[in-house]
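Hi,

Here is the structure I promised to pass on. Have a look at it first, and my notes on what turned up follow below.

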Amino acid sequence: MAIVEVKVPQLSESVAEATMLNWKKKAGEAVAIDEILIEIETDKVVLEVPAPAAGVLSEIIEADGATVIAEQLIARIDTEAVAGASAPAAAAPTAAAPAPAAAAPAATSGAKSNVAMPAAAKLLAENKMSAADISGTGRDGRVTKGDVLGAMAPGAPKAAAAPSSIPTGVPTKSLPQVAAPSSLSSLGDRPEQRVPMSRLRARIAERLLQSQSTNAILTTFNEVNMAPVMEMRKKFQDAFTKEHGVKIGFMSFFVKAAVHALKKFPVINASIDGNDVVYHGYFDIGIAVGSPRGLVVPILRNADQMSFADIEKKIAEYGQKAKDGKLGIEEMTGGTFSISNGGTFGSMLSTPIINPPQSAILGVHATKDRAVVENGQIVIRPMNYLALSYDHRIIDGREAVLGLVAMKDALEDPSRLLFDI
């Protein structure tokens, strides 16, 4: 027997631990080399763990939902075994991370072997209870903390039939159907489910609270006539697409306009470090992207040196990676200024929150035809409201307002970008 160990990949220096998501294989099943076995979520990214060798997944040591650290052993592969043959049972579950029943061949005794999530397993151990006596309402029948608390309630049955699902109104590929709690009858027609935050969502919450508690955030607004950008885009779209293989979007104009303004007012591109103001001689622009797992902000490095085509290609790449959960830590580290495009979802106006340790962020919104006054006449123009949130500790209103005006001027007369005026 030749055994190959499967371990947690190396995490970044700032990430201490990660959470196991979903095993894609069961113990006893054949695996190919480099086949993805499981995804592991940190507070920044989701990492895929490939099979280091071909063979049979002989043992799963850490279950779905378990907390793990870098280089921790999570499974073993037998390179000489044959799929379908008798495989060793999975490691015995522990209170911190029980092994999944589905990860091992069926027990010959036929005894029930429900899988408990980490919080539920801890509660079971503390109260000397067994997961086998509780009907799980979690995914694939897993026992949740709520199930255990329900079973501990006075008069609760030892085991109950699995309750029905409560439709969430969203496609199941985006979110799982919400499992009804065991005490559904006491809630009438108003069921609930308590779902723990993912590591990424918890990290987002932490950073947003940090931003609001440490920055003196103020927001200034302005409006921009997008007609010149739209006309230029329409004029060159076909030639641009043919030449570069990607369409001209609005975001490349916003990035260029932002860099144009940051050069004029360097403090907007600066950050605070203790009692020092750090002025950055480069322009790394973060682009806020919504993903199935939450908001991520990948970075356009040296955006001032990127062409329109470079920007569009990179944004498209980041968008696809965010959708697939494949953004790397290095792609989201750093940044001197950010742009959030709420207009993609139809937002008319918002006050974006600064992404620490940056000192400012540009909020872009939906472009809509609006009545405006030009030369004493009411005309219809495609208008967009811009919002610049800034840290008033180092950025005064003058720099913030003039910086936003510089962005407005560049968008209303894109030729300014060519001559840097």
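Before the sheet, one bit of wording: two strands count as paired if DSSP finds at least two bridges between them. Also keep in mind that this is a predicted model.

With that in hand, there is an open sheet of 4 strands, running in the order β1-β8-β6-β3 with antiparallel pairing. Its edge strands are β1 (3-7) and β3 (30-31), each of which pairs on one side only. For β3, the partner is β6 (residues 55-60), and the two are joined in the antiparallel sense over 2 bridges.

Next, helix α6. This one covers residues 251-264, so to speak 14 residues in all, and spans 20 Å from first C-alpha to last, close to the 20 Å expected at 1.5 Å a residue. How much of α6 is buried? Mostly it is covered, with 12 of its 14 residues buried. Among them are M251, F253, F254 and V255, but also K256 and H260.

Which residues line the largest cavity? They are I287, V289, P298, L300, I315 and Y318. By class, that lining has 6 nonpolar residues, with no polar and no charged ones.

Cheers

Conventions. Residues are numbered from 1 along each chain as its sequence is written. This is a predicted model: local features need pLDDT of at least 70, side-chain atom pairs count only at pLDDT 80 or more; totals for chains, interfaces and linings use all residues. Side-chain values use heavy atoms; hydrogens and water are left out. On a 1 Å grid over the protein atoms alone, a cavity is a set of points where a 1.4 Å probe fits but cannot get out, and a pocket is an open set with protein on both sides within 12 Å along at least five of seven lines; lining residues have an atom within 4 Å of a point. Ala, Val, Leu, Ile, Met, Phe, Trp, Tyr, Cys and Pro count as nonpolar, Asp, Glu, Lys and Arg as charged, and the others, Gly among them, as polar. The expected span of a helix is 1.5 Å times one less than its number of residues. Buried means under 20% relative accessible area, exposed over 50%, partly exposed in between (1.4 Å probe, protein chains only).
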